Amino acid sequence: RRSSDLACSNIKHICNKWDALIFAPGDLEPIGNFMDVDFNKWEQAININLVKQLKILHSLLPSRNLKTSLREPAVLFFAGGGTNNAVPRYSSYTLSKIGLIKMCELLDEEIPDTRFVIVGPGVVKTKIHEPTLRLGEKASGANYKKTLERLKHNDCTSMETVVKCCDWVVNTPSKEIRGRNFSIVSDEWRASALIEELKKNPSMYKLRRYNNSWSSKKT
């Protein structure tokens, strides 16, 4: 608690007004079935991957530069794997990322003068994969093999691409990207026609259930 408060204090001292705020912490551990892991470690991971980021945002948000040379002050989070399907043994990490995705939507509704976006970078060659590689088959058989193969063959999202997407999120003129969850790998965020498509579909790239009004009585 004290370290995050001190960090926020230092940031405010160094930069009393910010234009863009990017959160990039991530911890996959503890890896294991929910009932087998140490719950204290599980809770700590939720704090790292979700709560503490929002605590820092809560502290720094009043310092945003509403007279920025950018289109509007921007806050960028990172999503992660497993948010669209069930990847076993990574529950704390996955739950945290789902929380961040929804929080971007909530913040977008509550704070209209600021841009909140979350991006999923795919597999990037960083130390975040070390716990999976260390545990091997005990982590999650399919996920371990997939991670190992992609890292081995360098089938990863380049850091250059991640930076380009972050730059696009922060600097693109359109406000239609706000509150969205973009996949750097799968979504055509560089396509010129994307903005028009986002205008047509306010639920696109959000944490939504489609076709909620479906009923067997209508068929």
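The buried residues of helix H3 pack against H2, E2, strand E3 (115–120) and strand E4 (181–183). Buried means under 20% relative accessible area, exposed means over 50%, and partly exposed lies in between (1.4 Å probe, protein chains only). Helices (H or I, at least four residues) and strands (E, at least two) are DSSP runs, numbered from the N terminus. The model is predicted: local features need pLDDT of at least 70, side-chain atom pairs count only at pLDDT 80 or more, and totals for chains, interfaces and linings use all residues. Residues are numbered from 1 along each chain as its sequence is written, and side-chain values use heavy atoms, with hydrogens and water left out.

Stay with H3. It covers residues 91–110, which makes 20 residues. From its first C-alpha to its last it reaches 28 Å, close to the 28 Å expected at 1.5 Å a residue. That expected span is 1.5 Å times one less than the number of residues. Its buried residues include Thr94, Leu100, Ile101, Cys104 and Leu107. An α-helix has 3.6 residues a turn, so residues three or four places apart point the same way.

Look at Thr94 in helix H3. Because its relative accessibility is 9%, Thr94 counts as buried. Leaving aside neighbours within four places in sequence, Thr94 is in contact with Gly81, Gly82 and Thr83. Contact means heavy atoms within 4.5 Å.

Cys104 counts as buried too, at 0% relative accessibility. A disulfide is a pair of cysteine sulfur atoms within 2.5 Å. By this rule the count comes to zero disulfides.

Thr161, Val162, Cys165, Cys166, Trp168, Val169 and Val170 are the buried residues of H6. Their cover includes strand E1 (20–22), E2, E3, E4 and helix H7 (194–200).

Now step back to the whole chain. It holds seven helices and four strands. Read along the sequence, they follow the pattern α-β-α-β-α-β-α-α-α-β-α. The C-alpha atoms fill a box of roughly 60 × 50 × 40 Å, taken along the principal axes. With 219 residues, a compact globule would have a radius of gyration near 17 Å; the chain has 19 Å, which agrees. This radius is taken over C-alpha atoms, and the globule rule is 2.2 Å times the number of residues to the power 0.38. Of the 219 residues, 42% count as buried. Among contacts between residues at least 6 apart in sequence, 72% join residues at least 24 apart.

What sits inside? In soluble globular proteins, nonpolar side chains tend to be buried together. A nonpolar core is a set of buried Ala, Val, Leu, Ile, Met, Phe, Trp, Tyr and Cys residues joined through side-chain atoms within 4.5 Å. The largest such core has 22 residues, of which Leu21, Leu57, Val75, Phe77, Phe116 and Ile118 touch the most other members. H2, E2, H3 and E3 each supply at least two residues of this core. H2 gives the most, with six residues. Leu57 touches Leu21, Phe23, Val75, Phe77, Leu107 and Phe116, not counting residues up to four places away in sequence. A second, separate core of 18 residues includes Phe78, Val119, Val124 and Leu194.

Is His58 buried or exposed? It is exposed, with a relative accessible area of 66%. Cys8, by contrast, counts as buried at 3% relative accessibility. The C-alpha atoms of His58 and Cys8 are separated by 10.0 Å, though the two are 50 residues apart along the chain.

Finish in the loops. Ser63 lies in the loop between helix H2 (39–60) and strand E2 (74–78). Ser63 counts as buried, at 11% relative accessibility. It touches Lys12, Asn16, Lys17 and Trp18, not counting residues up to four places away in sequence. Asp36 lies in the loop between E1 and H2. At 61% relative accessibility, Asp36 counts as exposed. Asp36 and Arg89 are 53 residues apart along the chain, and their C-alpha atoms are separated by 9.5 Å.
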